[in-house]
Amino acid sequence: ASRQLPRRYCPSIFDMGPYEALSRASSIQSPWTMVISLLLPIFLHWLFRPVLSDILRRRRTTVTEVDLSPPDKGREDPEQILLSIIVPAYNEEERLPIMLEQTMSHLFINDGGATAQDIVRTLATDQPKPERFTIEVVVVDDGSTDGTIDAVRRAVRSLPPDTAGSRTVGPSLRCISVQPNGGKGAAVRAGMLNALSSARPPHYLLMADADGATDVRDLNALCRAVRGHPRGVGVGSRAHLRKSPAVQSRSFVRNLLMGCFHLAVRAITSISSVEDTQCGFKLFGREAAEIIFGSIHLGGWAFDIEVLTVCLRENMTVAEVPVRWTEVDGSKLDTGGEVETTCRESWDVAGHDMRKAVLHVRNLEGAEEERQKDVTIPSLSEGMMHSALNTSP
């Protein structure tokens, strides 16, 4: 005899055979449920892949201070470092020595070291001045397989003497090694965090490429734009050079791909106020660097976009400063592969704020209170822009 069921009883899958349960489940599944079940894993992969990849990369990465012999010249008390210049380098044994020589000559040799003293007057305004400041260059060797570290050792031996402006500012050059190669973004972050750990305010940090394509003489203009703003960011810009011979002489394919990349950045991310996101010449106030480089996850070329995304999220006003730039042979950029990778990482950047909302992670203690501060940096006047572009050598 068949069993009588209560009128309101609904059989569960436990009352059915396996095939009957599977058939019933598939019959009640709506199209929207199927779409969501297909898209949800893709969405979660896009949302959390940068974080998981960054965690794995950090676990297998080692950062060590390179022993430069003879010892660093001009190295003062770490608490008196005013400016740290972070130079990521991967197989740069040929171009790096030229860049270091140009930088040290501009800061400490030309005009008796007037540029370094001018930087001290600009960045140390209204600060209790110690007897001496230090401007350090930190080369980050990103798993190089050539003689990059040996090139830094040779540069240490040729550092300018401490006679130029010895009562005000002195030079320092050191090198840290990151193993294995993690990409430009990972190298810059390692250098920034290393420099932050060895200095106190007033402290500013500059990111500069090892090829020396950006004229170091424009550093003074960046300093003027960010001075007095620990949460300020100065971005070197080549937007005014779009029709210059240096840009027009590049291959049509490279210019086309880079143009498409900039369009993709504006379409995918929320960055629209900065015309040149990829210039490797950016100056950060100490608080800005702590927040930015404690938050970013990308290790490739698109880390610049993530940096600017954090600036917007934290209400940091970015000053875009025109700089002089020249094409330098020996670029490590693989036009096809790197642009594809950068576009993919730009898509990852689009989920930056959503990841923060989901994870509820704040990388710095007290950053929530600091986020409420709206720091404004005066925009450059036409006269300052003209002087930045036409400063005499």
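Tutor: One term before we start: when I say two residues are in contact, I mean they have heavy atoms within 4.5 Å. With that in hand, threonine 115 is in contact with His106, Leu107 and Asn220, leaving aside its neighbours within four places in sequence. Keep in mind that this is a predicted model.

Student: Okay, and where is threonine 115 found?

Tutor: Threonine 115 is found in helix α4.

Student: Is threonine 115 buried or exposed?

Tutor: Buried: its relative accessible area is 12%, and the cut-off for buried is under 20%.

Student: Which residues of α3 and α4 meet?

Tutor: From α3 you have His106, Leu107 and Phe108, and they meet Thr115, Ala116 and Ile119 of α4. By class, that contact has 4 nonpolar and 2 polar residues, with no charged ones.

Student: At roughly what angle do the axes of those two helices cross?

Tutor: Roughly 75°, and the axes of α3 (residues 96-109) and α4 (residues 114-123) come within 4 Å. That makes α3 roughly perpendicular to α4.

Student: What about the loop between α3 and α4, which residue lies there?

Tutor: Aspartate 111 lies in that loop. Its phi is positive, about 55°, although it is not a glycine. Aspartate 111 is also exposed, with a relative accessible area of 71%.

Student: Which other residue has a positive phi of about 55° although it is not a glycine?

Tutor: Asparagine 91. Its place is in the loop between β2 (81-89) and α3.

Student: Changing topic: where are the cis peptide bonds?

Tutor: One runs from glutamine 179 to proline 180, with omega near -10°. Proline 180 lies in the loop between β4 (169-179) and α6 (184-196). Another cis bond goes from proline 201 to proline 202, with omega near -5°. You'll find proline 202 in the loop between α6 and β5.

Student: Let's go inside. How many residues has the largest nonpolar core?

Tutor: It has 46 residues. Those with the most contacts inside it are Leu83, Ile85, Ile135, Val139, Leu173 and Leu206. In soluble globular proteins, nonpolar side chains tend to be buried together.

Student: What does isoleucine 85 touch?

Tutor: Not counting residues up to four places away in sequence, isoleucine 85 touches Thr103, Leu107, Ile135, Glu136, Val137, Val138, Leu206 and Ala208. Leu107 is also one of the α3 residues that meet α4. As for cores, a second, separate one of 36 residues includes Met192, Val233, Val235 and Leu298.

Student: How many residues of helix α7 are buried?

Tutor: 7 of the 8 residues of α7 (residues 219-226) are buried, so the helix is largely enclosed by the rest of the structure. The buried ones are Leu219, Asn220, Ala221, Leu222, Cys223, Ala225 and Val226.

Student: How far apart in space are proline 322 and leucine 222?

Tutor: They are 9.1 Å apart, C-alpha to C-alpha, while in sequence they are 100 residues apart. Proline 322 lies in strand β8 (residues 318-322). At 7% relative accessibility, proline 322 counts as buried.

Student: Zooming out, how many helices and strands has the chain?

Tutor: There are 15 helices and 8 strands. Of the chain's 393 residues, 48% count as buried. Among contacts with a separation of 6 or more, 86% come from residues 24 or more positions apart.

Student: Great, thanks!

Conventions: Residues are numbered from 1 along each chain as its sequence is written. This is a predicted model: local features need pLDDT of at least 70, side-chain atom pairs count only at pLDDT 80 or more; totals for chains, interfaces and linings use all residues. Side-chain values use heavy atoms; hydrogens and water are left out. Axes are lines fitted to C-alpha atoms, for helices over the stretch in contact, and angles run from 0 to 180 degrees between N-to-C directions. Angles under 35 degrees count as roughly parallel, over 145 as roughly antiparallel, 65 to 115 as roughly perpendicular and the rest as oblique. Ala, Val, Leu, Ile, Met, Phe, Trp, Tyr, Cys and Pro count as nonpolar, Asp, Glu, Lys and Arg as charged, and the others, Gly among them, as polar. Buried means under 20% relative accessible area, exposed over 50%, partly exposed in between (1.4 Å probe, protein chains only). A nonpolar core is a set of buried Ala, Val, Leu, Ile, Met, Phe, Trp, Tyr and Cys residues joined through side-chain atoms within 4.5 Å.
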